[in-house]
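Here are my notes on the model, point by point. Please read them with the structure open.

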Amino acid sequence: MTWVQANRDYVLDMLLQHVRLSVPAILISVLVAVLLGRIAWRWPRAGTVVLGTASLLYSVPALPLLIVIPVLLGIPLRSGLTLVVALAVYGTALLAGTAADAFRSVDERVREAAEAMGYSRAGLFWRVDLPLAVPVLLSGVRVITVSTVSLVTIGALVGIPSLGNLLTDGFQRDIRAEIVTGVVATMLLAVALDGLLVATGRLVTPWRGNVATGVTT
Amino acid sequence: MGIEFRDVGKTYPDGTVAVTGFSCTVPSHRTLALVGTSGSGKTTLMRMVNRMVEPTTGSVLIDDRDVLGLDKVELRRSIGYVPQAGGLLPHRRVVDNVATVPVLTGTPKRAAREAARGLLELVGLDPALGSRYPAQLSGGQQQRVAVARALAADPNVLLMDEPFGAVDPIVRRGLQDQLLQLQAELGKTIVLVTHDIDEAFRLGDEVVVLKTGGIVAQTGTPQQIMADPADDFVRDFIGSDRAERSLRTVAVDGRSLVVDGDGRPVGVLEG
């Protein structure tokens, strides 16, 4: 605890960096994965290829990816953007399949009735398909949130600061308290973001909670 | 005026023939019941009216205008649609379900909700149910909501896709009575799809009995079809041989009692 007190500003700074890297990566993953999932749902044949490619990307080892991305995009190796892109690739790879499942989980009877009532194509997506896909989608977003937060730490190996620095620095200088702080802070951040997602999920799917306690007369 | 099916056919790209050369006119304010087994093309025909299905031959006209010449989305918003069970938007409260089409067409939300509560009353529901979600209602209540929703934009035409198919017989009877009462007041032009011949006879002014592949077995009023079934298919479909269809009278205590084929009493003959 004394180590934490002595290095409070440093830990908070690294925590902030960690958030700055993980949250954009998660948001990009969700956007791209929903897009790919929608394509896969709409055109199943093309979807098999898209989803297959996506899950293949997940098997690319992290360190080479962190070297390849700056080369491909022409950005500095130590830029936070490099890590955000890499994490977004993994996040998308992990989430795209779930996003496709989420759209498949929408009751076809509901979609048809909505279409027959006169929802436009865009209206059907935003006001029927997407809200009804949220429960399944959210389960996938929770997984990539936790995995992204923990993956951010590897950025420390190529000099992109985050809570991972507490791990590399702690190992090099053999400061056990620093390592423990790094691990615990990373886990706490993951748990906090997960909690935020669960709360948001409840907020945007009020009809589900009500069903469980609902009166059915 | 009304709805006209003019020699319509639908063949799917894989060669499946759903409907061939179907012609029929539904006069304004009347109810047409399309009845048949699954695969008879009855739903396909109904869906041609709001362009959920487009005919490969022939045309469908509403008030003498070919629906293919109208904007798809606007056309659908102008037609009331009652889906099968499970067609309500599960994520919208009952009032918002009912207010769907008015809100889509630009009615302010508050006014649309206000009107929606009135419609709930019209279909025999407590307006207080408006703030619930569909899953919190019984199957029968849900279908009442579906009827209210279809009426919300005050359309001239109503399409009903086996609306009461999934509820138990007593509730179904109540829903049918409600619809008859509403129709007497509102006088919509209705196309109803059902596999239940009794429902077709109760609700339809005109009934079309369809065979597999959208072939018309018989068209007529319920009375005509009952009195003179066109062929064995129709006779079998309407259950002419069933005990409850072959009634006769017997005299009991000076009154004429109507009994079915098994001799069970159905009612008393008056006059």
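1. Among contacts in chain A between residues at least 6 apart in sequence, 75% join residues at least 24 apart. Contact here means heavy atoms within 4.5 Å. This is a predicted model, where local features need pLDDT of at least 70, side-chain atom pairs count only at pLDDT 80 or more, and totals for chains, interfaces and linings use all residues. Residues are numbered from 1 along each chain as its sequence is written, chains are lettered from A and ligands numbered from 1 in the order in which they are written, and side-chain values use heavy atoms, with hydrogens and water left out.

2. Chain A has ten helices and zero strands. Helices (H or I, at least four residues) and strands (E, at least two) are DSSP runs, numbered from the N terminus. The C-alpha atoms of chain A fill a box of roughly 65 × 45 × 25 Å along the principal axes. Of its 217 residues, 44% count as buried. Buried means under 20% relative accessible area (1.4 Å probe, protein chains only).

3. Look next at a helix pair in chain A. The axes of H6(A) (residues 108–117) and H7(A) (residues 121–151) come within 11 Å and cross at roughly 165 degrees. Axes are lines fitted to C-alpha atoms over the stretch in contact, and angles run from 0 to 180 degrees between N-to-C directions. H6(A) and H7(A) are therefore roughly antiparallel, a term for angles over 145 degrees.

4. Which residues make the contact between H6(A) and H7(A)? H6(A) supplies A:Val110, A:Arg111, A:Ala114 and A:Glu115. H7(A) supplies A:Leu124, A:Val128, A:Asp129 and A:Leu132. By class, the contact has five nonpolar, no polar and three charged residues. Here Ala, Val, Leu, Ile, Met, Phe, Trp, Tyr, Cys and Pro count as nonpolar, Asp, Glu, Lys and Arg as charged, and the others, Gly among them, as polar.

5. The largest nonpolar core has 42 residues. Such a core is a set of buried Ala, Val, Leu, Ile, Met, Phe, Trp, Tyr and Cys residues joined through side-chain atoms within 4.5 Å. Helix H6 of chain B (residues 139–151) gives the largest share, six residues. B:Val145 is among the residues with the most contacts inside this core. Beyond its neighbours within four places in sequence, B:Val145 touches residues including B:Leu88, B:Val94 and B:Leu137. Another core, of 38 residues, lies apart and includes A:Ala114 and A:Tyr119.

6. In chain B, H1(B) (residues 42–49) is mostly covered, with seven of its eight residues buried. Just after H1(B), B:Arg51 takes a positive phi of about 60 degrees.

Key: Buried < 20%, exposed > 50% of the residue type's maximum accessible area, 1.4 Å probe, protein only. Parallel < 35°, antiparallel > 145°, perpendicular 65-115°, else oblique.
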